[in-house]
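Let's take a friendly walk through this structure, stopping at a pocket, a pair of helices and the nonpolar cores. Please keep the 3D view open as you read.

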Amino acid sequence: MRIGCVLVIAVAMLTSPGCAPEPNAPARVVVVTIDTLRADHVGTYGSERARTPVLDGLAREGVRFDAAFSPVPLTLPAHATLLTGLDPDRHGVRHNAVFTLAPEIPSLPERLRAAGFGTAAFVGAFVLDRRFGLARGFDVYDDAMDGRRSGRAVVGFAERRADAVVDAFLGWLESAPERFFAWVHVYDPHADYDPPAGFSLGFAGRPYDGEIAFVDSQLGRLFEALDARFDPADTLVVVTSDHGEALGEHGEPTHSYSLYEATQRIPMIWRGPGFRGGRTVDDVVRLADVAPTILAALGHEPFPESSGRDLAPLLHGDAPPARAYAETLATHLDYAWSALFSVRDTRWRYIRAPEPELYDLDADPRERRNVAAAQPEVVRELDAWLAERLANARPLGTAAALSSEERARLQALGYVAGAGEAADADFGGPDPKQRTGVLVALERAESLGGAGRWADAFAQLQPLEERGDQFLLTRASFAVRAGLLDAAEGDLEAAIAQAPGRPDLLRLRALVEEVRRNGPAARALYESVLALDASDAQATTGLGRLAEIEGDAERAEAHYREALVQQPGQAEATWRLAALRAEHDGLDEAQALLAEAGDAPEPFVVWRVASAEARAGQVESAAARLDAALRGAVPTPLVIAAAPLLEAGGRGDASLRIQEEALRADPDAWQIQNGVAWNLAKAGRDLDRALDLARTAVRASGEDPAVLDTLAAVQLRRGEAAPALASADRALRRTTESALRSHLYWVR
């Protein structure tokens with residue numbers, strides 16, 4: 001117990017599990033975590049190409065810890081460590097989505113709120129949603145995402161940029177109490193790397209660094225406002241990360257599945273009372289040290305059985321060396337590979353794996369030479385340390401209550417968490433470092449899928465002999481989108497045999513039957529999903545699609561409304577319900593439904609709504625809706641239908657855009673050739689190409705009169721009056737329609 005605690009013990013027992021604040025204790029604590037930030041991509045940690053003036057300035061004013069380490073390359077478990085002072089083997093949250101922090105484990109915000117501090121948190125991605133247990137003790141836990149979605153190909157998820165997170169914090173700061181603890185989490189450096197305008201051109205080929213630079217700029221706003229409102233001398237600021245990013249080192253594209261320096265070494269900078277002077281500390285420190293250090297700075301006792309320690313004595317050389325524990329169970333829970341465990345001290349990193357690894361970081365800081373065989377005594381000593389630690393580990397944590405939809409959104413983060421159950425597992429399996437090719441192939445497939453190249457994405461994974469159910473599900477997802485239903489069915493049957501109770505497997509199997517127009521089989525599978533998870537809005541939406549195929553609009557509408565009860569705001573159910581209402585004299589309700597809807601699940605549903613709007617005379621708004629939705633690859637039949645509506649609504653450029661995109665994907669589609677030729681003629685652009693396209697379309701269509709009409713328009717634009725009149729005459733002879741769109745008849 002600290003000096004002076006005895007005099008205030010009665011008050012302390014009434015207000016806090018710890019002791020009264022010391023005289024020079026900070027009045028406020030702000031912790032900022034920058035997701036996926038590896039230390040060596042920050043200027044103050046030696047990167048010459050980084051643009052991080054705010055972080056660099058913070059280090060010049062405070063204390064930089066040069067050897068700080070995360071205990072796990074996963075967001076949720078790492079932040080659980082930050083807030084509890086316990087490593088994952090002690091708090092039990094061993095993966096994202098699978099676990100939630102147990103209520104009996106004390107946390108930093110709970111302790112500080114009990115001591116009279118206001119508490120607030122602002123997070124940047126769904127992976128830290130309140131349902132995973134980190135919201136305990138916060139007066140405000142702002143986990144509302146703003147609709148921004150991941151670029152991952154198979155599934156999407158909610159996140160928000162650093163500027164939106166900082167805006168939320170600054171809004172709260174305006175009326176914040178004098179004494180508070182705030183946690184601000186920004187997610188931007190996490191894949192996919194997509195820096196905003198102004199932070200992409202300056203980092204050509206380095207979008208990850210562009211994301212970091214953007215975050216740094218937003219932290220400048222945060223600290224400027226914080227220091228303007230409150231005295232910096234009374235505010236303790238901590239900036240750190242949950243883990244780093246491999247960026248291809250050791251064969252891993254991102255993180256989660258290895259324990260090397262790239263993913264485990266993180267920045268950690270402190271500024272405020274007790275942490276000033278631009279000092280650098282070389283001792284090994286850990287994410288688990290953050291909570292104990294904050295508690296000590298405020299005069300509170302540490303948590304019982306804390307994995308971490310107070311860092312202040314390190315500033316005076318009064319602390320013994322420490323070791324940093326690390327683990328990843330994602331390798332086992334996601335792909336049935338071996339789990340990995342590691343210990344890092346000032347010289348060595350040892351990784352317990354089927355093939356053990358030992359790296360001498362003094363001689364080999366990039367961990368390129370495994371010296372385990374040459375250093376058997378070091379291996380024995382460090383492995384015994386790990387064995388003793390794991391023998392006393394807490395059982396795997398409480399299972400997170402997630403719907404299948406929510407689990408899918410987390411899978412999009414790269415945190416698959418598909419096969420694992422919240423129970424002790426056999427951590428055996430193949431050595432993950434022998435499976436890095438699978439991770440690379442999955443990353444390439446995601447990139448191809450994001451560009452709509454589904455068959456190419458599937459081809460990346462087709463040769464692999466990986467048999468884990470999560471891998472099979474991923475490969476099947478690409479196969480379905482590529483129309484390779486037999487391949488998808490084979491993978492799904494194999495995966496379901498391994499994990500018969502996984503709703504996401506059964507749901508995709510149902511989609512295969514739906515695409516095959518095997519309604520009874522699809523319905524039975526969707527109903528089996530709902531028997532496993534009655535809140536599965538995707539399965540209920542699937543039943544709605546089946547009802548629409550069967551022409552039962554009333555039953556389809558009932559299913560979509562049920563899906564929106566199961567998951568309010570679910571995009572596909574919202575759009576499909578809106579389309580039905582728009583087509584059945586309910587346009588006002590449809591537009592109200594779509595006022596706050598997310599992205600449409602497929603462009604054809606947008607076309608249905610826009611068509612209803614056009615029939616109601618709202619042509620310009622219909623064209624605007626189509627213009628916003630029809631981006632990237634659009635099916636040729638939809639382009640043929642939508643292009644005239646876009647033109648009629650004053651969106652000729654959009655009409656040409658979608659037709660050009662469709663022509664690149666399907667260069668022999670004469671309807672698209674005709675549309676592009678017409679738009680070029682109308683705009684008076686590239687008339688030679690327009691003429692070639694129109695002539696090709698005339699031949700391919702068997703002299704369709706509308707195509708002959710386009711040819712006449714192109715010829716007239718080129719000043720070829722006689723050929724234009726001849727083409728118009730041919731068009732007239734081949735049609736019985738009373739009017740054509742050509743303006744040639746005005747000049748005859």
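In this predicted model, the second largest pocket holds about 390 Å³ of space. Its lining is made up of 19 residues, and Glu-261, Arg-265, Arg-344, Leu-361 and Pro-365 are the ones nearest the pocket centre. Strand S2 (63-69), helix H8 (261-264) and strand S12 (279-286) are the elements that each supply two or more lining residues. The largest share, 3 residues, belongs to S2.

| Helix | Residues in helix | Distance between end C-alpha atoms | Expected span | Buried residues |
|---|---|---|---|---|
| H19 | 13 residues | 19 Å | 18 Å | 10 residues |

After H21 comes Asp-585, with a positive phi near 60°.

H19 is largely enclosed by the rest of the structure, because 10 of its 13 residues are buried. Among these buried residues are Thr-540, Thr-541, Leu-543, Arg-545 and Leu-546. They pack against helix H17 (503-515), helix H18 (519-532), H20 and H21.

Finally, the nonpolar cores. In soluble globular proteins, nonpolar side chains tend to be buried together. Which residues of the largest nonpolar core touch the most other members? Of its 111 residues, they are Phe-181, Trp-183, Trp-270 and Ile-294. Helix H15 (residues 469-481) is the element that gives the most to this core, with 7 residues. Leaving out residues up to four places away in sequence, Phe-181 touches a set that includes Val-29, Val-31, Leu-83, Leu-108, Phe-117, Phe-138 and Ile-294. Gly-118 and Thr-119 are also among the residues that Phe-181 touches. There is a second, separate core of 45 residues, with Ala-642, Ile-672, Ala-697 and Leu-708 among them.

Key
Residues are numbered from 1 along each chain as its sequence is written. This is a predicted model: local features need pLDDT of at least 70, side-chain atom pairs count only at pLDDT 80 or more; totals for chains, interfaces and linings use all residues. Side-chain values use heavy atoms; hydrogens and water are left out. On a 1 Å grid over the protein atoms alone, a cavity is a set of points where a 1.4 Å probe fits but cannot get out, and a pocket is an open set with protein on both sides within 12 Å along at least five of seven lines; lining residues have an atom within 4 Å of a point. Grid points are joined across faces, edges and corners, and a volume is the space filled by probe spheres set on the points. Helices (H or I, at least four residues) and strands (E, at least two) are DSSP runs, numbered from the N terminus. A nonpolar core is a set of buried Ala, Val, Leu, Ile, Met, Phe, Trp, Tyr and Cys residues joined through side-chain atoms within 4.5 Å. Buried means under 20% relative accessible area, exposed over 50%, partly exposed in between (1.4 Å probe, protein chains only). Contact means heavy atoms within 4.5 Å. The expected span of a helix is 1.5 Å times one less than its number of residues.
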